[in-house]
Amino acid sequence: DGDLFVLRHLNFGILSKENRIKFFDRLIENKFTQWSLKTVTGLTVKKYELDNDINEDENEEEIIEDDNGKLAGISQAILNGQGLRNNEFVQGCLNEGFYISSMRLRYYHLTESTEFIIEISFKGIDLKVDMCRSYVIEDERPIHHPFLKDEQDAIVKEFQDTAKDIYEQITLEQKNSASTTKPVYNCY
């Protein structure tokens with residue numbers, strides 16, 4: 001009668017440009033019980049084109065600015081650093097029609113001296129959550145130290161569940177917004 005498992009994709013391609021950005025912003029704003037966001041350490045921005053499918057094999061292009069300071073010929077930029085979500089260049093990209101397709105986030109444990117970096121991305125249309133690095137803090141300095149597999153798996157699952165919940169909220173809001181928007185007919 002019923003399937004034991006029902007697989008559903010979180011199709012990033014159905015989200016508007018604004019909702020693709022909203023997805024990552026809500027992820028940043030989310031409060032976890034054991035972890036707190038320290039900083040955004042990396043993100044990828046891509047040019048939004050309504051008729052263009054999400055494609056994981058897009059060529060990465062070098063960032064070049066023309067004389068007017070506008071982005072010229074750029075379809076994707078991968079940025080690394082600290083506090084990138086509020087970076088002026090990133091804000092400029094988002095204002096020029098780009099959206100965020102992946103983000104690397106650094107979290108610290110609220111009671112233990114550990115940190116980790118996790119990457120949330122959409123590869124093609126599928127959500128991908130990867131543990132990038134983990135650290136223990138000794139003498140106020142982070143020392144690379146892999147977490148146990150069970151601990152890594154629990155963190156990845158918590159982020160997958162949170163991302164799924166955020167995605168479902170946004171798609172419901174987008175659907176409700178589309179159904180309440182009535183077409184305007186001009187009669188001449």
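Q: In this predicted model, is Arg 106 buried or exposed?

A: A residue counts as buried when its relative accessible area is under 20%. Arg 106 has a relative accessible area of 11%, so this residue is buried.

Q: Which residue does the side chain of Arg 106 meet in a salt bridge?

A: The partner is Glu 115, with an N to O distance of 2.7 Å. Glu 115 has a relative accessibility of 6% and therefore counts as buried.

Q: How many salt bridges does the structure hold?

A: There are ten salt bridges in the structure. One of them joins Glu 173 to Arg 26, whose closest N and O atoms lie 2.9 Å apart. Because Glu 173 belongs to helix H3 (residues 149–180) and Arg 26 to helix H1 (residues 17–29), this pair ties together parts that are 147 residues apart in sequence. Glu 173 is partly exposed at 34% relative accessibility, and Arg 26 is partly exposed at 22%.

Q: Which residues are linked with Arg 26 in a network of salt bridges?

A: The network links Arg 26 with Lys 22 and Glu 173.

Q: What can be said of the salt bridge between Lys 128 and Asp 130?

A: Their side chains meet at 3.7 Å, N to O. Lys 128 is partly exposed, with a relative accessible area of 36%, and Asp 130 is partly exposed at 27% relative accessibility.

Q: Let us turn to helices. Why do residues three or four places apart in an α-helix point the same way?

A: An α-helix has 3.6 residues a turn, so residues at that spacing point the same way. The case to examine here is helix H2, which spans residues 88–95 and in which Val 90, Cys 93 and Leu 94 are buried. These residues cover an arc of only 95° around the axis, and therefore lie on the same side of H2.

Q: Which exposed residues does the face of H2 turned away from its buried side carry?

A: That face carries Glu 88 and Asn 95.

Q: What is found at the start of H2, and which residue with a positive phi follows H2?

A: At the start of H2, a side-chain oxygen of Asn 87 comes within 2.6 Å of the backbone nitrogen of Phe 89. The residue with positive phi that follows H2 is Gly 97, its phi being near 100°.

Note on methods. Residues numbered from 1 in each chain as written. Predicted model: local features only at pLDDT ≥ 70, side-chain atom pairs only at ≥ 80, totals over all residues. Heavy atoms only, no water. Salt bridge = Lys/Arg side-chain N within 4 Å of Asp/Glu carboxyl O. Helix = DSSP H or I, 4+ residues; strand = E, 2+ residues; numbered from the N terminus. Buried < 20%, exposed > 50% of the residue type's maximum accessible area, 1.4 Å probe, protein only. Arc of directions from axis to C-beta. Polar contact = N/O pair within 3.5 Å; in protein donor to acceptor, adjacent residues only side chain to side chain.
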